[in-house]
Amino acid sequence: MVERQRFVSALGDMLEKHHDRFVELLISEQGKARSGAEWEIGGAIHWCREIAKQALVDEVVQDNGTNRIVSRHTPIGVVGAITPWNFPVLLAIWKIAPALVAGNTMVLKPSPFTPLCTLLLGELANEILPPGVLNVLAGGSDLGQWITEHPGIGKIAFTGSTATGKRVMQSASINLKRLTLELGGNDPAIVMPDVDAKSIAKDLFWAAFSNSAQFCVACKRLYVHEAIYDEVGQELVAYARTVKMGNGMEPGIELGPLQNSMQYEKVKDLLRDSQVSGHRFLIGGEASTSKGYFIPVSIIDNPPEDARCVTEEAFGPVLPMLKFSDVEDVIRRANSTEYGLAASVWSNDLEAAARIASRLQVGTVWINHAHHFSPHVAFGGHKASGMGIENSLHGLAEYTNIQTILQKRAG
Ligand code: NAD
């Protein structure tokens with residue numbers, strides 16, 4: 001265990017040593033702004049070092065004159081990891097670090113849209129790890145399916161869309177693979193009338209638009225109490241006008257383009273649907289005519305609850321802002337989705353906010369902030385947002401089987 005922890009910690013050192021190389025490659029491959037790429041690589045380093053400190057201990061259930069009963073964690077064997085294109089390095093490390101600490105080996109397949117950073121990660125990791133421990137294979141959906149069906153693989157750790165997650169679950173059933181599925185979301189944010197619109201506008205903006213909203217936990221439905229609805233809208237638009245979108249390599253750029261043409265066309269289609277439906281935009285609304293897959297920040301003014309921009313995960317910078325007047329009503333609306341990934345509540349009344357949080361059907365609720373992650377904090381979706389946990393000792397345990405040994409003492 002100690003040796004495995006050292007290997008994982010050494011992966012963090014390797015990432016730190018090659019920090020600038022990874023950041024540059026991530027910007028050019030994924031399209032994100034430099035600050036976002038630095039956040040991702042910094043996070044990957046931190047995760048390696050912190051997960052390397054984690055360990056699962058044996059549970060002595062009974063130890064007396066007649067019996068000794070111990071439950072212990074054993075490695076699963078080979079883990080198949082499949083990652084998406086929005087955070088290719090960090091989400092790979094979220095899987096590699098615990099899988100290796102728990103004693104497994106791994107076959108890792110990145111998204112075909114962003115294979116380069118993961119291939120570099122595999123190449124440099126293999127200068128540190130024993131041969132065969134981490135195997136990075138780049139390829140398309142076919143390769144993903146071969147991994148999920150492979151009888152020699154004992155667990156799949158998957159991050160991606162809910163539609164693909166369902167297929168993964170189906171093919172993993174062939175040999176009853178263990179599964180962790182981190183899937184899509186349609187995260188609500190609920191803004192109560194007692195907040196100061198100006199002071200939360202910046203945090204709300206980044207809750208929705210970080211990584212150009214290609215973020216599973218981006219706020220995708222912004223519910224604002226009618227008493228401050230107009231003011232929050234004005235402050236959000238004023239802040240949005242200060243944020244520069246462009247080539248992530250250039251200084252001062254905070255938002256990049258969408259990563260690929262498929263996603264660009266999907267988000268453009270959502271925008272077109274809103275336009276045809278006569279929705280009003282507080283800002284944005286048109287795809288950029290300049291070169292690249294740029295969709296300017298777009299905020300839609302109180303569209304109907306059944307509009308596509310409300311019910312579908314855009315995974316791009318299109319945010320519906322929705323008015324509410326009654327807390328019971330907004331909790332019902334926030335929960336009326338197949339997804340259950342995360343949510344946020346914004347209020348100066350922390351007890352009231354906590355009461356609302358406890359009634360939201362999601363895996364994570366942030367109060368007065370968003371996107372706080374830690375290697376030591378459990379993260380996972382409810383409902384169609386997934387199953388299983390990443391991070392924390394719960395996440396580490398997901399890379400193990402439990403074996404119980406019941407010993408009858410002589411005499
Ligand atoms: P995707 O489901 O299209 O692809 C994810 C990965 O699965 C890719 O590597 C892809 O090649 C592979 N794949 C595709 N078909 C497969 C199959 N049949 N069998 C096995 N593997 C297959 O998702 P994406 O477009 O890359 O990522 C965006 C989605 O990921 C969004 O829905 C987003 O919300 C979600 N996401 C979730 C989290 C989370 O932690 N919950 C984090 C990031 C992204």
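**Sheets, domains and pockets of a predicted model**

Three strands form an open sheet in the order β1-β2-β18, with antiparallel pairing. The structure is a predicted model, in which local features need pLDDT of at least 70, side-chain atom pairs count only at pLDDT 80 or more, and totals for chains, interfaces and linings use all residues. Residues are numbered from 1 along each chain as its sequence is written, and side-chain values use heavy atoms, with hydrogens and water left out. Strands (E, at least two residues) and helices (H or I, at least four residues) are DSSP runs, numbered from the N terminus. Two strands pair if DSSP finds at least two bridges between them.

At the edges of the three-stranded sheet stand β1 and β18 (400-408), and each pairs on one side only. Neighbouring strands of this sheet are turned by 20 degrees against each other on average, direction ignored. Axes here are lines fitted to C-alpha atoms, for helices over the stretch in contact, and angles run from 0 to 180 degrees between N-to-C directions. Strand β1 (residues 59-63) pairs with strand β2 (residues 67-75) in the antiparallel sense, over four bridges. The two strands, β1 and β2, form a hairpin with three residues between them. Within this pairing, E59 stands opposite S71 in β2. V60 has V70 in β2 as its bridge partner.

A second open sheet has seven strands, in the order β10-β11-β12-β9-β8-β14-β15, and its pairing is mixed. Its edges are β10 (280-283) and β15 (364-367); each has a single partner strand, so one side of each is left without a neighbour in the sheet. From one strand to the next, the twist averages 25 degrees. Strand β9 (residues 219-225) and strand β12 (residues 318-324) run parallel and are joined by four bridges. V224 has K323 in β12 as its bridge partner.

Two helices pack on this sheet. Helix α9 (residues 229-240) touches β9, β10, β11 (298-301) and β12, where contact means heavy atoms within 4.5 Å. The direction of α9 makes about 160 degrees with that of β12. Helix α10 also packs on the sheet, touching β10, β11 and β12. Its direction makes about 120 degrees with that of β10.

The protein chain is assigned domain 1 (2-183 + 385-408) and domain 2 (187-367); such bounds come from an automatic or database domain assignment. The C-alpha centres of domain 1 and domain 2 lie 30 Å apart. Their contact takes 19 residues from domain 1 and 20 residues from domain 2.

A cavity is a set of points where a 1.4 Å probe fits but cannot get out; a pocket is an open set with protein on both sides within 12 Å along at least five of seven lines; lining residues have an atom within 4 Å of a point. Grid points are joined across faces, edges and corners, and a volume is the space filled by probe spheres set on the points.

The largest pocket holds about 960 Å³ of space. Its lining has 42 residues, and F158, T159, G160, S161 and T164 lie nearest its centre. At least two lining residues come from each of α4 (88-101), α6 (141-149), β6 (155-159), α7 (162-172) and α10 (261-276). Domain 1 and domain 2 each supply at least three residues of this lining. By class, the lining of the largest pocket has 21 nonpolar, 15 polar and six charged residues. Ala, Val, Leu, Ile, Met, Phe, Trp, Tyr, Cys and Pro count as nonpolar, Asp, Glu, Lys and Arg as charged, and the others, Gly among them, as polar.

The second largest pocket holds about 560 Å³. It is lined by 25 residues, with W39, W206, S210, F215 and H371 nearest its centre. Two or more lining residues come from each of α3 (34-51), α4 and α8 (197-209). The largest share, five residues, is that of α3. The lining of this pocket divides into 13 nonpolar, nine polar and three charged residues. Domain 1 and domain 2 both give residues to the lining of the second largest pocket, so it lies between them.

Four cavities of 30 Å³ or more are found in the whole structure. The largest cavity has a volume of about 50 Å³. Its lining residues include D187, C219, W366 and H371. β8 (187-191) and β14 (342-346) each supply at least two of the lining residues, and β14 gives the most, with three. Eight nonpolar, two polar and one charged residues make up the lining of the largest cavity.

Terms used: 1 Å grid on protein atoms, 1.4 Å probe; cavity = no way out; pocket = protein on both sides within 12 Å on 5 of 7 lines; lining within 4 Å.
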